[in-house]
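Colleague: Please take a close look at one part of this model and describe what lies around it. I would also like to know how that part sits within the chain as a whole.

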Amino acid sequence: MMHGGDFFKTHCRGFSVCDFLTGDSKPTSDNDEEWFKLDCVVKTWLYRILTQSLLNMILTKNSTSHTVWISLENLFRDKKDVRAIELENELRNITLVDLTIAQYCQLIKTIFDLLANIENHVPEKTLVAHLLNGISPQFEHIATLLLHRDPPPSFL
């Protein structure tokens, strides 16, 4: 789903409430106050991480944390292909202009992680090629040396 989705799932796992997101947890009756209380906690966590416009899009009466989670997944899944194209273009066009090497590498790694998060994995050799193609002319000789190494260098 979204980049924060993994963080949110980790948070839920820490409190043993992931089954509320998957829908595997169900109340034992209409009076299962413990279940309804935990569901409200998870829903509140979800609501707190959303922007107001996203909240307005998914907010429905009598929703559960599971239905909210599914609504968010569906909303972001619909935009996944467009987002992947945007991120791939950004990755192709990054250059080391006004950035330090560390900032440049971090920006590439961030885009790489965002693509992986929306299930659009970029092979590491492609990532290295993007890194080397975007460096400034003062480092061109290093890029040429690295491009011709066998085996090719890893991103790290």
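Modeller: A helix here is a DSSP run of H or I with at least four residues, and helices are numbered from the N terminus. On that basis, serine 25 is placed in the loop between α2 (18-22) and α3 (33-49). Please keep in mind that the model is predicted.

I begin with that loop. Serine 25 has a relative accessibility of 14%, and the limit for buried is under 20%, so serine 25 counts as buried. Leaving aside residues up to four places away in sequence, serine 25 touches Asp19, Phe20 and Trp35. Asp19 and Phe20 fall within the residue range of α2, and Trp35 within that of α3. The contacts of serine 25 therefore reach into the helices on either side of its loop.

Serine 16 lies in the loop between α1 (3-14) and α2. Its relative accessibility is 62%, and exposed means over 50%, so serine 16 counts as exposed. Serine 16 also has a positive phi of about 55°, although it is not a glycine. Asparagine 62 belongs to the loop between α4 (52-58) and α5 (65-78). Asparagine 62 likewise has a positive phi, near 60°, and is a residue other than glycine. With 71% relative accessibility, asparagine 62 counts as exposed. Serine 25 is thus buried, whereas serine 16 is exposed and asparagine 62 is exposed.

Now to the chain around these loops. It has 9 helices and 0 strands, and read along the sequence its pattern is α-α-α-α-α-α-α-α-α. The radius of gyration is 21 Å, well over the 15 Å that the globule rule gives for 156 residues, so the chain is more spread out than a compact globule. Taken along the principal axes, the C-alpha atoms fill a box of roughly 70 × 30 × 25 Å. Of the 156 residues, 31% are buried, and serine 25 counts as buried. Among contacts with a separation of 6 or more, 57% are between residues 24 or more positions apart.

Two helix pairs further along show how helices meet in this chain. Two packed helices are described by the angle between their axes and the distance between the axes. Helix α6 (residues 80-93) and helix α7 (residues 101-117) have axes that come within 10 Å and cross at roughly 160°. That makes α6 roughly antiparallel to α7, and their crossing is left-handed. From α6, Arg83, Ala84, Leu87, Glu88, Glu90 and Leu91 take part, meeting Ile108, Ile111, Leu114 and Leu115 of α7. By class, this contact has 7 nonpolar, no polar and 3 charged residues.

Helix α7 also meets helix α8 (residues 124-133), where the axes come within 11 Å and cross at roughly 145°. This crossing is right-handed. Tyr104, Cys105, Ile108 and Phe112 in α7 meet Leu127, His130 and Leu131 in α8. By class, the contact of α7 with α8 has 6 nonpolar, 1 polar and no charged residues. Ile108 of α7 takes part in the contact with α6 and in the contact with α8.

Methods. Residues are numbered from 1 along each chain as its sequence is written. This is a predicted model: local features need pLDDT of at least 70, side-chain atom pairs count only at pLDDT 80 or more; totals for chains, interfaces and linings use all residues. Side-chain values use heavy atoms; hydrogens and water are left out. Axes are lines fitted to C-alpha atoms, for helices over the stretch in contact, and angles run from 0 to 180 degrees between N-to-C directions. Helices (H or I, at least four residues) and strands (E, at least two) are DSSP runs, numbered from the N terminus. Angles under 35 degrees count as roughly parallel, over 145 as roughly antiparallel, 65 to 115 as roughly perpendicular and the rest as oblique. A crossing is left-handed if the near helix is turned anticlockwise from the far one by less than a right angle, and right-handed if clockwise. Contact means heavy atoms within 4.5 Å. Ala, Val, Leu, Ile, Met, Phe, Trp, Tyr, Cys and Pro count as nonpolar, Asp, Glu, Lys and Arg as charged, and the others, Gly among them, as polar. The radius of gyration is taken over C-alpha atoms; the globule rule is 2.2 Å times the number of residues to the power 0.38. Buried means under 20% relative accessible area, exposed over 50%, partly exposed in between (1.4 Å probe, protein chains only).
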